[in-house]
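Hi,

Here's the structure I promised to pass on.

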Number of protein chains: 2
Amino acid sequence: LFIVADNIQITNKLLEKAVRKEDPYPIQQLVKKCESAGAEAIDINSGPVSQNPGKMAFLVQVIQDVTDLPVLLDSANPKAIEAGLKASNKTAIINGVSLEPVKLESILPLAKEYGTDIIGYLLNPDSSVPPDMTGRLNVAVELFKKCLDAGIDTEKLIIDPIVAPVIWQDGNIQDMEVLNVIRQLPDLLGFPVRTIAGLSNLTTGKGIKEKKLLLERTYLPMLAASGLNYILMNVFHLESVKTAVACRELMSNGIFTWESV
Amino acid sequence: LFIVADNIQITNKLLEKAVRKEDPYPIQQLVKKCESAGAEAIDINSGPVSQNPGKMAFLVQVIQDVTDLPVLLDSANPKAIEAGLKASNKTAIINGVSLEPVKLESILPLAKEYGTDIIGYLLNPDSSVPPDMTGRLNVAVELFKKCLDAGIDTEKLIIDPIVAPVIWQDGNIQDMEVLNVIRQLPDLLGFPVRTIAGLSNLTTGKGIKEKKLLLERTYLPMLAASGLNYILMNVFHLESVKTAVACRELMSNGIFTWESV
């Protein structure tokens, strides 16, 4: 289980201002804080500033100046992703593609050209969330085929089954199905496909912070035990990070030692 | 997921003294505290005082005087279990039987005679722990057959797959296999067999309390997501109880509400 920080979101006012003024300092400080907190990769969610692809390039540069961690280029704009890939001189992962036709056409070729890992979301072509497990698994098969068609090494594909907010009418039921999706994907696709999930999605919306944190650190071990490879999360949620580390130790094939928890 | 308190252990000096003097007060106070803390059943681990079956009868009487919760008669002495069954005027569960021949002979008939639920441990006939999943599943099949042979309604059987202490050489690996055992038992035995696990086993031995609690609340959701029905645990571990409740809400088929977490 690798920990990916979801903390670099340019919807954050402070970061948005820094990106607008191209001031690296606040961004780099935050990235360093994420790394200290346990991040093993950094998701760069460029949000609205993605309209200007140069801003993603700027973000990748200033972040890679202070960390060797892999970066995830998290944008709905293919041009921003491409600018990020061009700017990157370390490991970059595309986050991501879905069955939405414009994304398939514009983003899959980038994964092929740059030979990077690419995250595929289990969303319908219209970006809606499939309501059940069968829907998600069908999308996974479609995405897998599209990657094959695009000449991408399918081992580059990382699947995001889409964690549902519990406040959705059947959110928690979907989240239990997500566990089965993660468990079944390797057999379904015929290779040990990697998976990623966004933990913050679980508690999107209103709610008491303490209860949200409890829910995060309860769902995370369920995801881990299902075989999840990457957890995208707020790394400043100390107890959730500790839980991720504890999952890793429990699931390790080495000898358990209390020191590593 | 039902919460069973493992707090009534007569190895505890205070309780041992109370049982010796047949003073109900300390025992009843502790049971009330367990119920307030979230216990939904009370395991009565009579420990060394089981040599005197009357003490189990005493424990059952004084506990049932202050609570309507089901009690688990947790003893290695069939006579103590029988005394407990006789004394009980509410729900009592036998905890438990294993493939050890003397237990099969003496305890299975009690389950039949009293028509109670009975917990079966996935232990070898010599009481050693099977080292892997196949070993545990083989024992489950054997236990199931022994129940059939004894004329017990097999739906009365609750299986304890035996959580391994993480400090055992391959303890954490066994604990991951335990998850698969829980998941596979219903298919293996052909009916929705119930399962119970002892959470305190996980962190038996030396270790920092805070880390032990972290490990408990990390492993518990893994057990729950595997389909575990009963968790035997220290109900004074507040965060572990909160985690159990959060598991239940996440896994509920009803509509999730923050109020219930």
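Start with helix α8 (residues 209–225) of chain A and α9(B): their axes come within 9 Å and cross at roughly 75°. (Axes are lines fitted to C-alpha atoms, for helices over the stretch in contact, and angles run from 0 to 180 degrees between N-to-C directions.) The two helices are therefore roughly perpendicular to each other; angles of 65 to 115 degrees count as that, while under 35 is roughly parallel, over 145 roughly antiparallel and the rest oblique. Helices (H or I, at least four residues) and strands (E, at least two) are DSSP runs, numbered from the N terminus.

On the α8(A) side, the contact residues are Glu210(A), Leu214(A), Leu215(A), Arg217(A), Thr218(A), Tyr219(A) and Met222(A). From α9(B), they include Lys242(B), Ala246(B) and Leu250(B). Contact here means heavy atoms within 4.5 Å. By class, this contact has eight nonpolar, two polar and four charged residues (Ala, Val, Leu, Ile, Met, Phe, Trp, Tyr, Cys and Pro count as nonpolar, Asp, Glu, Lys and Arg as charged, and the others, Gly among them, as polar).

A bit of housekeeping: this is a predicted model, with local features needing pLDDT of at least 70 and side-chain atom pairs pLDDT 80 or more, while totals for chains, interfaces and linings use all residues. Residues are numbered from 1 along each chain as written, chains are lettered from A and ligands numbered from 1 in written order, and side-chain values use heavy atoms, leaving out hydrogens and water.

Within chain B, eight strands close into a barrel in the order β1-β2-β3-β4-β5-β6-β7-β8, with parallel pairing (strands pair if DSSP finds at least two bridges between them). From one strand to the next, the twist averages 25°. Four bridges join β5 (residues 118–121) to β6 (residues 157–160) in chain B, and Tyr121(B) has Asp160(B) as its bridge partner.

Last, Glu16(A) forms a salt bridge with Arg20(A), their closest N and O atoms being 3.6 Å apart (a side-chain nitrogen of Lys or Arg within 4 Å of a carboxyl oxygen of Asp or Glu).

Cheers
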